[in-house]
Amino acid sequence: MKRIHYVAGGVLALIVLLGSGSVLLQRRAAVEAAGVQAPRFEVDPMWPKPLPNHWLMGSVIGVSVDANDHIWIIHRPGSLERMEQYAAANPPAADCCAPAPPVLEFNEEGDLIGHWGGPGQGYDWPASNHGITVDYKGNVWIGGNGRNASGRPPAGPPIVNESQMGAPGSVNDCMVLKFAPDGRFLMQIGKPGRSKGSNDTGNLRLPAKTVVDPKTNELYVADGYGNRRVIVFDADTGAYKRHWGAYGHVPDDTNLGPYRPSDPPAQQFRNPVHCVDLAADGLLYVCDRANDRIQVFKKDGTFVKETFVAKNTLGDGSVFDIALSKDARQKYLYIADGSNMKVRVLDRDTLEELTTFGDGGRQPGEFYAVHSIATDSKGNLFTTETYRGQRVQKFVFRGLSTVTRKDQGVVWPKAAKS
């Protein structure tokens, strides 16, 4: 009789346990169903393929994806160390290696299919090229942040705050350049060393990045490392249209001093105004890098809203570049955070941070100063690294998933994990 009771009790306990487990599973499923969704990525450690001709990339300071899903990058050949350029010496000091041309074009498989760039007839190549954009017509736009009037590449890293700036006439790169996809020169806006500051409508001052509006054929420039503004030109003629500073104010070049997270929000941009990106709904997103913030505007310069990103970041600031997701609503913003060595995923409507991925390091999926970011038509992400990072990486879009960790760390391919 006791045995029967024990067995009956065990069966009852098992039923209760199974019932509890079922309830827990149901609750977990309900929580996940109601949870925050965000895009998920995995690094492709084999992309791109090795460059030909013993070529090496220097600091990679721009990436753009064209209508054919070709990936364009621009790098600084002059940032390579002496031993990385032995083959380019006269006479050659070794079999390897040599700087690749500044502009490189890859296909989706990671093959190098185009290359050009550098000084030429009819235009002023930047002393320190910075940023690349392929517009809706296939034209390629390039900026620069070289400071010395001699035209030689600057010896140190790019300017990160006002205290490093000289007088307006001491900078070299006061222009943006427009090229055809094959490298044929088309147009230059601005002249080297001519900037008169943030309200000069004819010249730029160390422009960081551009974007062209396909609806109006207008060129928006994040201007930049020297000026504190967004400026707009006609993308065919170069004619000036309008410009503005933080909150839509008239820009002011007064030195704001160092950024302090506890201070009230600065009423002007700090240098560098590092990126512009335009959503299909007409909202313009601007990287105020040293102020750790994104400001959002209408196309006419009307201020809409702002958000701070990793507000306590000092160093080089947190908001290096912005890309938009490729869904119809462009629901997500991707932020390249070069100081904290990660990519941040934000909800575009609320500007709430949903998740992050990446970490500092040299291995695939890690970053050393992630600088620029772009998306292709399939939703894949491409990132570049400046300073000694010197590479471009591909992160494959794996769909939406529930956010289970705010910081995902290195998003290594699951199939490769053991």
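Author: Strands in this text are DSSP runs of E with at least two residues, numbered from the N terminus. The model is a predicted one.

Reader: In which loop is Pro 48 placed?

Author: The peptide bond that leads from Trp 47 to Pro 48 is cis, with omega near -5 degrees. Most peptide bonds are trans. As for its place, Pro 48 is in the loop between β1 (37–43) and β2 (55–56).

Reader: What is the phi of Asn 53 near?

Author: Asn 53 also has its place in the loop between β1 and β2. Most residues other than glycine have a negative phi. Asn 53 has a positive value, with phi near 60 degrees.

Reader: Is Asp 292 buried or exposed?

Author: Asp 292 sits in the loop between β17 (284–288) and β18 (293–297), and its phi is positive, near 55 degrees. Buried means under 20% relative accessible area. Because the relative accessible area of Asp 292 is 0%, this residue is buried.

Reader: How far apart are the sulfur atoms of Cys 96 and Cys 97?

Author: The peptide bond from Cys 96 to Cys 97 is cis, with omega near 5 degrees, and Cys 97 lies in the loop between β4 (71–76) and β5 (98–99). A pair of cysteine sulfur atoms within 2.5 Å counts as a disulfide. Cys 96 and Cys 97 form such a disulfide, with a sulfur separation of 1.5 Å.

Reader: Which strands hold Cys 275 and Cys 287?

Author: A disulfide joins Cys 275 to Cys 287, with 1.9 Å from S to S. The link is right-handed, with 65 degrees about the S-S bond. This pair links distant parts of the chain, 12 residues apart, with Cys 275 and Cys 287 in strands β16 and β17.

Reader: Which element gives the largest share of the lining of the largest pocket?

Author: The largest pocket has about 810 Å³ of space. Its lining has 37 residues, and among those closest to the centre are Val 65, Val 211 and Lys 326. Elements giving two or more residues to the lining include β3 (59–65), β12 (207–213) and β16 (273–278). The largest share is five residues, and they come from β12.

Reader: How many residues of the lining of the largest pocket are charged?

Author: Asp, Glu, Lys and Arg count as charged. The lining has 19 nonpolar and seven polar residues, while the charged ones number 11.

Conventions
Residues numbered from 1 in each chain as written. Predicted model: local features only at pLDDT ≥ 70, side-chain atom pairs only at ≥ 80, totals over all residues. Heavy atoms only, no water. Helix = DSSP H or I, 4+ residues; strand = E, 2+ residues; numbered from the N terminus. Buried < 20%, exposed > 50% of the residue type's maximum accessible area, 1.4 Å probe, protein only. 1 Å grid on protein atoms, 1.4 Å probe; cavity = no way out; pocket = protein on both sides within 12 Å on 5 of 7 lines; lining within 4 Å. Points joined across faces, edges and corners; volume = space filled by probe spheres on them.
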